[in-house]
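Here are my notes for your first look at this model. Keep the structure open and go point by point.

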Amino acid sequence: MAPALHEVYRQYFDTIAVQQEDRALRDEVFRLRYQVYCVENPFEDPAEHPDGLEHDVYDERATHCLLFHKRTESWAGTARLILPNAEDPNHSFALQEVCNDPAIYDPQRFPVMQMGEISRFCISKDFRRRQGDGMFPASEDPETRSDERRVIPNMTLGLMEGLIRMSLDHGLFYQCAVMERPLLRLLDRLGIRFTHIGPLVEYHGRRQPCMLKLETMLQEVREERLDVWEILTEGGRHWERLQELKAARPTPA
């Protein structure tokens, strides 16, 4: 019997939470973001980041994670979770600056103080290219080659697991984002479904404001894709933490 997806996945990838005080790892986050957002894609002006580190005003109110590829000991991707602004909740997230849908002004439908915003979610094209060019030397065992090919397309799951972990670390039950449609479609195929908030907006291209409730999303994923649920919850551990947090501080309906 072939090993489960989550077992194979953890052979090749790990998701590292970046502590605020760890300047070296934070620089790895910003360096990878520079590669993606200034070199590979024309989203940010390289001239504004002469040190080769892409960062912005949200980073000091955000927590970050890195996706680590064990075999090559390299960083494959990164994501951040912007935390709510207790001093000014209505100006917590980029979503609130670009979306005018009435839902975001309703604390029952959009509970800002129990929410984090997914942002700078990326996997380097350079990493994908390097893996495609030389991932499978002729000397490698064919079974290993097959296993790694199986998990490489699902690297987004590692970043989503990191975002779930960071949400729970900060007692947050919801996530929002302004996402590209292709990423939303990819996540949808994996059973991870966001609720759209209003129409597409212009934000580094046409993007969709959206949100989800962690408990609802994980319940749906478990019913549809248990293999994905095992990765997202780190074998059920994040689900248990979520239930403990919910019992201690009930979420809005």
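1. Start with how two helices meet. Helix 8 and helix 10 cross in the left-handed sense. Helix 8 covers residues 214–224, and helix 10 covers residues 237–248. Their axes lie 11 Å apart, at an angle of about 145°. Remember that this is a predicted model.

2. Now look at who makes that contact. Helix 8 contributes L214, E215, L218, Q219 and R222. From helix 10 come W239, L242, Q243 and K246. By type, the residues of this contact are 4 nonpolar, 2 polar and 3 charged.

3. Why give both an angle and a distance? Two packed helices are described by the angle between their axes together with the distance between those axes.

4. Next, the largest nonpolar core. It holds 65 residues. Which members touch the most others? They are F13, F110, I192 and L232. Helix 6, residues 155–169, gives the largest share of this core, with 8 residues.

5. Take I192 as a worked example. Set aside its neighbours within four places in sequence. I192 is then in contact with L157, M160, L187, L212, M217, V221 and L232. There is also a second, separate core of 7 residues. Its members include V18, F30, L32 and L66. Nonpolar side chains tend to be buried together in soluble globular proteins.

6. Turn to strand 4, residues 115–123. Is it enclosed or open? Of its 9 residues, 9 are buried, so strand 4 is largely enclosed by the rest of the structure.

7. Strand 4 has partners to check. With strand 3, residues 74–82, it pairs in the antiparallel sense over 5 bridges. Find L81 here: it stands opposite I118 in strand 4. With strand 5, residues 174–179, strand 4 pairs in the parallel sense over 4 bridges. There, M115 has Y174 of strand 5 as its bridge partner.

8. E73 has a positive phi of about 50°, although it is not a glycine. E73 sits in the loop between strand 2 (62–69) and strand 3. Is E73 buried or exposed? With a relative accessible area of 63%, E73 is exposed, because the cut-off for that is over 50%.

9. The other residue is E234. E234 also has a positive phi of about 50° and is not a glycine. Look for E234 in the loop between helix 9 (226–232) and helix 10. Its relative accessible area is 25%, so E234 counts as partly exposed.

Terms used: Residues are numbered from 1 along each chain as its sequence is written. This is a predicted model: local features need pLDDT of at least 70, side-chain atom pairs count only at pLDDT 80 or more; totals for chains, interfaces and linings use all residues. Side-chain values use heavy atoms; hydrogens and water are left out. A nonpolar core is a set of buried Ala, Val, Leu, Ile, Met, Phe, Trp, Tyr and Cys residues joined through side-chain atoms within 4.5 Å. Buried means under 20% relative accessible area, exposed over 50%, partly exposed in between (1.4 Å probe, protein chains only). Contact means heavy atoms within 4.5 Å. Two strands pair if DSSP finds at least two bridges between them. Axes are lines fitted to C-alpha atoms, for helices over the stretch in contact, and angles run from 0 to 180 degrees between N-to-C directions. A crossing is left-handed if the near helix is turned anticlockwise from the far one by less than a right angle, and right-handed if clockwise. Ala, Val, Leu, Ile, Met, Phe, Trp, Tyr, Cys and Pro count as nonpolar, Asp, Glu, Lys and Arg as charged, and the others, Gly among them, as polar.
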